[in-house]
Amino acid sequence: MPKRVAFKDKITVDATDLSNFARSVELSSEHERVDVSGFNPTGSNEYLAGTTEQSVTVEFYGAYGVAEVHAILYPLHKNRTTCSFKWLPDSTTAIGPTNPELRGNCQVLSYSPGSTRGEADTYEVQFTASDAAGLAFFTT
Amino acid sequence: MKTTYKVIGPTAFDDHEPGEEFTAELDEDLEERALERGSIEVVRGTRKKKEEEE
């Protein structure tokens with residue numbers, strides 16, 4: 001896939017397509033940096049990769065209708081539910097090496113809708129990976 | 001046992017478009033959440049949770 005302008009992304013939460021209610025998505029995947037440095041002549045540090053913390057942050061438009069953003073996300077947060085999350089860069093093309101799909105089981109650990117007078121109602125929601133499989137890109 | 005559902009929410013559910021009917025064996029918790037928030041309705045068959053409670 002060459003350079004792209006993002007507008008065909010597909011975002012699915014708990015099996016429901018929320019693409020049209022979302023305007024940005026960002027994965028964070030970070031291994032803890034564990035310092036295992038010993039005495040050495042150069043003074044350089046040595047690190048090993050430790051535990052992994054993963055999450056995806058999506059900016060949604062506030063929508064409070066039946067089966068819309070709030071109706072889907074708030075119960076997931078309130079009930080501490082683990083749900084499926086998927087992000088596909090191009091919804092018009094099949095999943096493959098040039099169009100990998102991010103998948104994982106997540107929890108909505110914090111939920112903070114709000115609004116500002118005269119502006120589009122948007123808020124960010126962070127989906128935190130909640131099982132050993134984590135969040136990973138798949139090509140099939 | 002598979003159940004037939006109709007997507008009644010404003011957006012696609014499980015890759016099925018609004019208004020579309022589909023037959024599937026959904027996870028019982030996913031089914032319950034989707035029915036409660038109005039994403040889908042049962043067309044043929046029964047709710048899994050109710051089956052177990054009866």
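Tutor: We begin with a term: two residues are in contact if their C-beta atoms, placed from the backbone, lie within 7 Å. The model before us is predicted.

Student: In what order do the elements of chain B run from the N terminus?

Tutor: Chain B holds two helices and three strands. Its radius of gyration is 10 Å, close to the 10 Å that the globule rule gives for 54 residues, so chain B is as compact as a globular protein of that length. Buried residues make up 26% of those 54 residues. From the N terminus, the order of elements is β-β-α-β-α.

Student: Which strands of chain B stand at the edges of its sheet?

Tutor: The three strands form an open, antiparallel sheet in the order β2-β1-β3. Four bridges join β1 (residues 3–7) of chain B to β3(B), and B:Lys6 stands opposite B:Glu41 in β3(B). Each edge strand has a single partner, so one side of each is left without a neighbour in the sheet. The edge strands are β2 (21–24) and β3 (40–44) of chain B.

Student: Which residues touch the most other members of the largest nonpolar core?

Tutor: In soluble globular proteins, nonpolar side chains tend to be buried together. The largest such core here has 24 residues, and the elements of chain A giving two or more residues to this core are β1 (10–13), β3 (22–35), β4 (47–61), α1, β5 (82–88) and β7 (122–129). One of its residues, A:Val56, is in contact with residues including A:Val25, A:Phe85 and A:Phe127. Those that touch the most other members are A:Ile11, A:Leu18, A:Ala22, A:Val56, A:Val58, A:Phe60 and A:Ile72.

Student: Which element gives the most to the side of chain A that touches chain B?

Tutor: In this interface, 13 residues of chain A are in contact with 12 residues of chain B. The residues on the chain A side divide into seven nonpolar, three polar and three charged. Both β2 (16–17) and α1 (69–78) of chain A supply at least two residues. With three residues, the element that gives the most is α1(A).

Student: Is A:Ala15 buried or exposed?

Tutor: A:Ala15 lies in the loop between β1 and β2 of chain A. Its contacts beyond four places in sequence are A:Ser84, B:Phe13, B:Asp14, B:Leu30 and B:Ala34, and A:Ala15 belongs to a second, separate core of nine residues that also includes B:Ala12, B:Leu26 and B:Ala34. A residue counts as buried if 20 or more other C-beta atoms lie within 10 Å of its own. Because A:Ala15 has 23 such atoms within 10 Å, this residue is buried.

Notes:
Residues are numbered from 1 along each chain as its sequence is written. Chains are lettered from A and ligands numbered from 1 in the order in which they are written. This is a predicted model: local features need pLDDT of at least 70, side-chain atom pairs count only at pLDDT 80 or more; totals for chains, interfaces and linings use all residues. The radius of gyration is taken over C-alpha atoms; the globule rule is 2.2 Å times the number of residues to the power 0.38. A residue is buried if 20 or more other C-beta atoms lie within 10 Å of its own, exposed if 12 or fewer, and partly exposed in between; C-beta atoms are placed from the backbone. Ala, Val, Leu, Ile, Met, Phe, Trp, Tyr, Cys and Pro count as nonpolar, Asp, Glu, Lys and Arg as charged, and the others, Gly among them, as polar. A nonpolar core is a set of buried Ala, Val, Leu, Ile, Met, Phe, Trp, Tyr and Cys residues joined through C-beta atoms within 7 Å. Two strands pair if DSSP finds at least two bridges between them.
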